[in-house]
Amino acid sequence: MASTYQLPQLPYGLDELEPSISRQIMDLHYNKHHQTYITNLNNALTAQGEALSGSNLLKQLELQAIIRFNAGGHVNHTLFWENLSPHSSGNSDITKAAPQLYQTITQRWKTLDQFKTAFESAALAIQGSGWVWLVKDKDSNAVDITTSKDQELPPPPGKLVLIGVDMWEHAYYLQYFNNKKQYLSNIWDIINWKTAEKRFLGDVQAIYGELTGLSSHL
């Protein structure tokens, strides 16, 4: 029997990320877009199970691209919701919420502002839809910025995701129109550095649980 995935529960209300992200965008993004990825993923996994039981190899191969795309949409968005937090929580103050990660970032980019500039530049360089990620090396703990296209599953081999920002138009257009730079500037006010610190220090079991569960289908 195929696994069934569900929309993750948000730890905040749809309006609690305002003014950085409007309630309207959150409703569309979370309840519509993310749910659609999950629905399509579950349907494809059911079809995959039927193809396996019927030894239909061509159908199995056909479903691989659909599963990878929608699984990526589910995992990427789950990571995204987890690394956001209402500004009132205080989690957007990296010096207090993520002191060890802050030290590593400033060693790599000299200042927090220079890191943000590099992160935003990488995001703005994405052609079309995609994601921008702050990742760490599993072995050295060195941090770096990387991007991915569409709904490719993160992270690159040997890396772990610390924070990620959605650069698909549905993440910002209703509020910011084509001003992606303003979207990126404002999102720092709701980045959950507390979660990023936990990921940096190795608390990744829950974060990558969905990815581990999906790996057998990819």
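Trainee: Why is Phe177 called exposed?

Mentor: The model is predicted, and in it Phe177 has a relative accessible area of 52%. Exposed means over 50%, so Phe177 is classed as exposed.

Trainee: What is the phi of Phe177, and where is the place of Phe177 in the chain?

Mentor: Phi is about 55°, a positive value, although Phe177 is not a glycine. Phe177 lies in the loop between helix 6 (173–176) and helix 7 (180–187). Most residues other than glycine have a negative phi.

Trainee: Which value is given for the phi of Asn141, and why is Asn141 called partly exposed?

Mentor: Phi of Asn141 is near 70°, again positive in a residue other than glycine. The relative accessible area of Asn141 is 32%. Asn141 sits in the loop between strand 1 (130–137) and strand 2 (143–149).

Trainee: What makes the bond between Glu18 and Pro19 a cis peptide bond?

Mentor: Omega is about 0° for the bond that joins Glu18 and Pro19. Most peptide bonds are trans. Pro19 is found in the segment before helix 1 (23–53).

Trainee: How do you know that helix 1 is roughly antiparallel to helix 2?

Mentor: Helix 1 and helix 2 (residues 57–82) pack at an angle of about 150°. Angles over 145 degrees count as roughly antiparallel, so helix 1 is roughly antiparallel to helix 2. Their axes are 8 Å apart, and the crossing is left-handed.

Trainee: Which classes of residue make up the contact of helix 1 with helix 2?

Mentor: The contact has 17 nonpolar, 12 polar and one charged residues.

Trainee: What does UniProt list for residues 4–85?

Mentor: The UniProt record, an unreviewed entry, lists these residues as "domain: Manganese/iron superoxide dismutase N-terminal". In the model, residues 4–85 are 70% helix and 0% strand, with the end C-alpha atoms 27 Å apart.

Trainee: What makes the contact of Glu62 and Lys59 a salt bridge?

Mentor: The N to O distance between their side chains is 3.2 Å. The cut-off is within 4 Å, so the pair counts as a salt bridge. Glu62 and Lys59 are three residues apart in helix 2, which means a separation of about one helical turn. Glu62 is partly exposed at 46% relative accessible area, and Lys59 is partly exposed at 31%.

Trainee: How many salt bridges does the count come to, and why is the pair of Arg108 and Asp144 said to link distant parts of the chain?

Mentor: The count comes to four salt bridges. In the pair of Arg108 and Asp144, the closest N and O atoms are 3.2 Å apart. Arg108 is in helix 4 (residues 99–109) and Asp144 is in strand 2, 36 residues apart. Arg108 has 41% relative accessibility and counts as partly exposed, as does Asp144 at 33%.

Terms used
Residues are numbered from 1 along each chain as its sequence is written. This is a predicted model: local features need pLDDT of at least 70, side-chain atom pairs count only at pLDDT 80 or more; totals for chains, interfaces and linings use all residues. Side-chain values use heavy atoms; hydrogens and water are left out. UniProt positions are given in the numbering used here, feature names are shortened, and annotations may be inferred rather than shown by experiment. Helices (H or I, at least four residues) and strands (E, at least two) are DSSP runs, numbered from the N terminus. Buried means under 20% relative accessible area, exposed over 50%, partly exposed in between (1.4 Å probe, protein chains only). Axes are lines fitted to C-alpha atoms, for helices over the stretch in contact, and angles run from 0 to 180 degrees between N-to-C directions. Angles under 35 degrees count as roughly parallel, over 145 as roughly antiparallel, 65 to 115 as roughly perpendicular and the rest as oblique. A crossing is left-handed if the near helix is turned anticlockwise from the far one by less than a right angle, and right-handed if clockwise. Ala, Val, Leu, Ile, Met, Phe, Trp, Tyr, Cys and Pro count as nonpolar, Asp, Glu, Lys and Arg as charged, and the others, Gly among them, as polar.
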